[in-house]
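Trainee: Could you walk me through how to read a few features of a protein model, with the general idea before each case?

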Amino acid sequence: MMFALYRIRCGLPVVAFGEAGVGKSALFRFLIETLLGHTFEVCNVNSGTTIQDVTEIIELAMRNAMKPGAQIFLFFDEMNTADPPVIAFFKELMLDRHYRGTILPKNVHLMGAANPYRHLHEVDKEAAVGLAFRFAQPTQNDDGSNTGTDVRSLVYRVNELPLAFYDHIYDFGHLCDEAEDTYNDEICEHGLPKSKFHVDCVKWFSDLIKKSHRVARALSVDPDSAVSLRDAARAVQLFRWFRQAPAAQKMSKNDARKAADLTIYLVYAFRFHQRKIFLENVFGKNQSASKNMTEVSRIIAEMLYEQAHGASIGSGAIALNDALCENLFALYVCVLNGIFLIIVGRPGSSKSLSVEILKLVLSPGNHTLRHSLGDLPAITELYFQCSPMSTSSGFKALFESAQRLSVDPKTMLAMVVLDELGLADMSPEKPIKVLHVELERQSVLTSGEKQQSPFSVVALSNWVVDAAQVNRGILILRTQADKKDLLGSAEQLADSLIAKYAKDSDRMRIRQTLIESLESVVSTYQELDGRDDIGGGHFFSMRDFFFCVKNFVCSVFETVSRMGDVGDVRISRHLLIQSAIRNFGGHEEARELVRKTMAANLAMNVNCLPATSPLGLIVSNIQDSSKPLSIHIARHLMILNRSLIGLQLLNRHVKSKLDEGINWNVLFGSCFPGDLQVTAVTRKLRQVEQAIRAGGVLILCHADQLFESLYMVLNQQYWAQGEVTMTQIALGPSIRAIALPNGPFRIIALQDTNVALNRELMSPAILSRFEKHELRPSHLLDNTGKTWLNAIESHSIWLAVPEVIKRQKLIYGYHEESFASLALHLQEGGIKMDFEKVDEEGPNFANTIWMRAADPMAMIKLERNSSCHCPSLRDFCSYYRNNFVLESIDDALRNVRSNRMVIMTKTLRHLEITLDDSFTIRLFDVQSELEFIRLLDSIDDEDLADPDFCLIVQYDVVTGPIEQFQLAKFEVDQRFQKTKCRVTFVVHVDPRPINMHWVFSFGDGWDYCFVDEVLHSGSANQHQIPLRELIRSPGDQMLSKFIENLPNDSFKSLLLEMLGPVLQTSLASLRSFLGQFYSGMRTALGLPGNELLLELLKECLIAQVKESRITWNVVEAFSDSNFDSSSSLTLSLWGVFKHKISNPLANLLLVSDVWRVSDKSTMNLWCDFVVANYPDRLLAPNSSDSLVQMPFGFRSCTRLFGRLLANFDLGYAQRSDSCLNGPLQWLIDSVAGNQEEESQEIKEVRI
């Protein structure tokens, strides 16, 4: 306090830095209002606070400061929860005392408080499940890298303060035990007045609070933020309520010890997994708190449940287990006392159900009940569906609505329900901080006199939120149920259904049949829950367990009504196993484990268990949706598959098994950058609403951003409005009621199998709402299909490459079911297997289909590696190399006769693809789904009817999610189904397929092929030898053959290209001459009429290559050090080719002195000289040296022809003059006869 007082008097800012709930705000309020006698204005800062908000506060303060004798104190609470621009504005105001270019008045004092920017000491496994990336991408630094801080690892969701603040921060820290004890005594004495509570009772309760604080810190992950004075204030409030309030008399019976037990349990113990340890440390080994909580919570729950029974469809099937009883008790107490309550637990822990029951019981229509309970206020629910797209403005609007509804809290109390609060914590705006402003009104520590809360706030979450929220309310951390609780819940659930639906005469017999079998369900669920390798608690939830029990019970009901008896044990066991597989067999490994576990529990041979088909379970689920007990039998469906092949399988194999005329709708979510906004989600929800009203089957593909809004629908929380069944969808505070159709209605969500099983990509809250089944193409194979699959897998290629990760290098997009999808395609096409012609190739045969999709670079590498130990594999790879490699998009369009084609290529996406009579859409430039649709609609009908017209859609695997590709392909399929034009998707894949999310399946109506280079880069590479010639050439072909076929123009382009780095490497010993050399070569090659010069150079090079016996073998080229596997095959092989001819070419260009040819005369002289003296065009090659060697006499030969003559054999072609060799004499004679002035320098040639 003295620190703050001195800084105020010196005109310096004051910033208190400390844990939440330690009295920072209360201290400053006491200092300013009580000691100094000035007005203390608090600005509760949050993530929604804008610079404009702060500006308005400052301007008001400046106007008030003009009053005589005024001293204005502004306190910015939780200032580091604001966005960085606002924090920067605080720095300008508080440290620089500048406001819009002016100095703040001296009588305006600015103060602030901040929570620590600190990481958790340990990783709490219950803390978070990574779901935020789909909605809020990580913040990028200036260099393009992502920020490394994960906000989920922070104790408080705050931003760092600028370093300039550190000189002005007072580290408030946390209270020492002695200071905290003093505060707790004061809080108890103030909240429990002597007029109503005995002094010994107050001291005894104060000691309990002190002990609870010490034990809580000892058991917490982060002791500093574990408890605060706010907890003490809530404990005092509840203890007083339990002792005095009429509504609490049934619970505490005016017993102080019982009231203390319930208070300590509710305020402190509920936040721990090991509650018994906490209570024993506080009360001792013989503590009664656990017993009292169990008894009281069950009394309250039974009372409330009895009133709510039958109020909504399906509410009769409820198990009053410990989780539901404790949730109802805490809700009942906290809502009536206006205390913020957070219930955190895994899906299926009765969070939403408890809120629904309380809302129904305390509804405005239940006046008599509310009066009998103690004149309780009626409750009006304000529901808010949180999501990673929640905004601060949305939260503000919600609380403003709640304030308007709560005119008189004693008669009408608004209950704000924040569903999935943890998702809002993942929003970039951190909107939960807005909640703190509303919660501060409940604190006597910060707001002065305690007033009746105008509304209550309840938060439900599958994620633990930050310490600042927990500090402002009561946290219930739902623990995992043990075997006893699970079995009790299953029995209660069965009893509830039996009492509601079974005939009186059948109840005992049915119950006996059911109860004997439920223990095996419990054991199976616990086995799955503990197996993290197949999903564990992430994939399997209590909802799966509850629906397994309900499905089994309802199946027995149906059997009894149909057969009149279930006395046959085999029938009941068959029904039990079917229910277990239906609710626990979400994927292949889980299904096998369920079968083994159930067989062991029932003492049966696993081979005797009835076979179950995922296809049959899916069809049964949809058909069950029209049954009277549909909401107990099954949930909505989630189909797990790869590459969205599930949509095709549903269309072909499920739809045909349903009643004719059933509505069948498919709706895609969108992950284009511009569609990750609330407006785009709202538009999608309108489409969902229309489909729900129509009934039938609604298939949702990649619709993750819609699931939170469909919470009520997916949970089958329906209610009856007359004869109409109603449900609702919600987005933030906006709720729309929807009338469900009569007849079948089922939502089917398609999800990638790997995504669903990945804890970082999929929320367990979403998974728990669905009955999950993995639908694979292999499930649908008959004998013909299985024979095809066996033949494909038995191919020498795949026997040599059995690992999936290695197969992905051969076929980009390969996955475990790729060949099963190919076999299913052949099966559905009616292509029978002929064992005598298994290797026969044709446009529709298995080998042809997959070989077109293979990466030629990987196939040739396989040929190289298998050349010794597997001749048959080598021969097949050679066959592939000679028949299936596609060089460009033109090559693909010409050789693959298909109107629907997907081309995979390593070509970078920046290359613009423009073909004659084509239209190109670049998905990576499209911002929204609507923009893509408009581009499709812009294509003329004439083009759509033209078989020569081609629509090209480019997709980049590296930067774009695969959902974009699948959405675009679906839209094209729907719109272009009856058109004659060609559609080609160009997929730019990553050369490194590891961890690549690109996958595809054969047989979806599209032909997949791999193209080495979509387009050549232009005229600059016209000299390149075509890829087909490089890879189809026979082994050890003479390299000179390729050069002989080059036209002079192409040879000239080759020389110009090789004058770059390739020749520079070969001429590394001549670096001082490189500039002159390259300049001279460009001059010589640029001379007009130099066709003969080029022809002679070409002949000389061919002679050198032949003499050096340089050969070309495409397989061996892959082992060359100059082969670049990260580039395209064309460029990689071309690089090896250039390197092979670089030494001979360097020797030729250097020794021949052609780089000294600078005009027409010297060019003609050089050509005449070579023609006359070098009939074999051989210029002393030296292929054994890695670098070109200087010829003898090189350094003294600086004139034209000097190096050439120095390299010439003196004994070769000698003439009559014994002093001069023949070539030199020829040169002198030719020079002497040349009278052109520009060539006079040639006459100076000497040797």
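Mentor: Let us begin with accessibility, where a residue is called buried under 20% relative accessible area, exposed over 50% and partly exposed in between, using a 1.4 Å probe and protein chains only. By that scale Arg686 is partly exposed, because its relative accessibility is 33%. The model is a predicted one, in which local features need pLDDT of at least 70 and side-chain atom pairs count only at pLDDT 80 or more, while totals for chains, interfaces and linings use all residues. Residues are numbered from 1 along each chain as its sequence is written, and side-chain values use heavy atoms, with hydrogens and water left out.

Trainee: Is Glu689 buried, partly exposed or exposed, and with which residue does Glu689 form a salt bridge?

Mentor: Side chains of opposite charge can pair when their charged atoms come close. A salt bridge is counted when a side-chain nitrogen of Lys or Arg lies within 4 Å of a carboxyl oxygen of Asp or Glu. Glu689 counts as buried because its relative accessibility is 5%, and its salt-bridge partner is Arg686, with the closest N and O atoms 4.0 Å apart. Both residues belong to helix 29 (residues 678–694), where they sit three residues apart, about one turn of the helix; helices here are DSSP runs of H or I with at least four residues, and strands are runs of E with at least two, numbered from the N terminus. Elsewhere, salt bridges that share partners join Glu558, Arg582, Asp624, Lys627 and Glu771 into one network.

Trainee: How many salt bridges does the structure hold, and which parts does the pair of Asp322 and Arg298 tie together?

Mentor: The structure holds 53 salt bridges. In one of them, the side chains of Asp322 and Arg298 meet at 3.5 Å, N to O. Asp322 lies in helix 12 (residues 322–337) and Arg298 in helix 11 (residues 289–308), so this pair ties together parts that are 24 residues apart in sequence.

Trainee: What is the strand order in the open sheet of five strands, and which strands stand at its edges?

Mentor: Strands of a sheet pair through backbone hydrogen bonds, either parallel or antiparallel. Two strands are taken as paired if DSSP finds at least two bridges between them. Here the five strands run in the order 9-10-11-8-12, with parallel pairing. Strand 9 (378–385) and strand 12 (474–477) are at the edges, each with a single partner strand, so one side of each has no neighbour in the sheet. Within the sheet, strand 10 (residues 412–419) and strand 11 (residues 455–461) pair in the parallel sense over five bridges, and the bridge partner of Val417 in strand 11 is Val458.
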